[in-house]
Amino acid sequence: MNRALTALDKRILNRLQQDIPFTAEPWKKIAGELNIQEARLLNRIAILKKRGIIRRIAAVFNPRKVGFVSTLAAAKVAPENIEAAARAVNKYPEVTHNYKRQEEYNLWFALVAPSRKKITLIINRLKKNKKFKKVIELPAVRLFKIDVSLKV
Amino acid sequence: MLSPLDKKIISLVSKDMLLSSRPFKVMAGKAGISEDKLLARLKSYKKSGMMRKFSAVLHHINAGFKHNAMCVWNVPEKSALNAGRIIAAFDYVSHCYQRKRRADWKYNLYAMVHGKTRAECIKAAKKISGKIGFPDCKILFSSKEYKKTGVKYG
């Protein structure tokens, strides 16, 4: 994992964090921009995925505009229960992110669901779960930025 | 409202894209439409802002950004809009939201701060605190990732 990225890999990663062209042969187009053959590009992408550097290449939607509801939740869990609590959270396909953090609220997770009702249902179920001391929901009231592209 | 076809397309393109020369043709086949129609739909989703991006999601840790911290600030409501804009302008901030406060959780501005080291993240958070003029800040490093995935739209 610590093997350094080649100059070409960095160019590929920086390009792929921008939009994939909506054209019949998108990889060929990107390969052309990078002055390499399509086969070489696909080969490097496959390697970067295998090394765990690229998680996936996919569309990201604005959940709200697709009619979905997203939120953030935090839970207070006794240290000895944290693994079990994390598993209970992960069980829900609506949970997209889940992290342990060093804080009184030590389990933080994000949810995206087709309805507010579904989110409330999940939060209420977790509140009743004895592994959780407290669960709070922290819905967004304003979005200032989402830009996960990082120059590598 | 979204049509059943839109829902099908959104579900298909939210999954990891095929590394073959005509990936959209394969997706279109699964949706039962032509490649051209799929491409036209994708362009319209992007144009309307419904689709934020269609791109690679990196594993930041493996890409060299080994550390990230969720930083939270307690900012008076009337200053939150301005402070949020200032925070969002920093390059090393990927996400920035204002969120509802709770009785035992007074923080209302949230930012994901990325850095090559832990110290870099702490330095960045302190710099932001200085810039917004509200020093009541907590830096929450993640000590374990239990899940990170895309949204399942069906």
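In this predicted model, 37 Å separate the centres of domain 1 and domain 2 of chain B, taken over C-alpha atoms. The corresponding distance between the centres of domain 1 of chain A and domain 2 of chain A is 36 Å, again over C-alpha atoms. Chain A and chain B bury about 7500 Å² between them, and strand 1 of chain A pairs with strand 1 of chain B.

**Domains**

- Chain B is divided into domain 1, covering residues 4-48, and domain 2, covering residues 67-141.
- In chain A, domain 1 spans residues 7-50 and domain 2 spans residues 63-137.

**Extent of the interface**

- The contact between the chains involves 76 residues of chain A and 76 residues of chain B.
- Of the roughly 7500 Å² buried between chain A and chain B, 58% lies on carbon and sulfur atoms.
- On the chain A side, the residues that lose the most area to chain B are A:F22, A:R55 and A:F61. Together these three residues make up 12% of what that side buries.

**Polar and charged links between the chains**

- There are 46 residue pairs in polar contact between chain A and chain B, counting pairs with both residues at pLDDT 80 or more.
- Chain A and chain B are also linked by 7 salt bridges.
- A:E103 and B:K138 form a salt bridge, in which the closest N and O atoms are 3.2 Å apart.
- Strand 1 of chain A, residues 54-61, supplies the largest share of the side of chain A that touches chain B, namely 8 residues.
- Sorted by class, the side of chain A that touches chain B holds 44 nonpolar, 19 charged and 13 polar residues.

**Strand pairing across the interface**

- Within strand 1 of chain B, B:F54 stands opposite A:A59.

**Salt bridges in the whole structure and within chain A**

- Over all chains, the structure holds 17 salt bridges.
- A:R15 and A:E33 meet through their side chains in a salt bridge, with an N to O distance of 2.5 Å.
- A:R15 lies in helix 1 of chain A (residues 7-16) and A:E33 in helix 2 of chain A (residues 26-33), so this pair ties together parts that are 18 residues apart in sequence.

Methods. Residues numbered from 1 in each chain as written. Chains lettered and ligands numbered in written order. Predicted model: local features only at pLDDT ≥ 70, side-chain atom pairs only at ≥ 80, totals over all residues. Heavy atoms only, no water. Domains from an automatic or database assignment. Contact = heavy atoms within 4.5 Å. Buried area = accessible area lost by both parts, 1.4 Å probe. Salt bridge = Lys/Arg side-chain N within 4 Å of Asp/Glu carboxyl O. Polar contact = N/O pair within 3.5 Å; in protein donor to acceptor, adjacent residues only side chain to side chain. Helix = DSSP H or I, 4+ residues; strand = E, 2+ residues; numbered from the N terminus. Nonpolar A, V, L, I, M, F, W, Y, C, P; charged D, E, K, R; others polar. Pairing = 2+ DSSP bridges.
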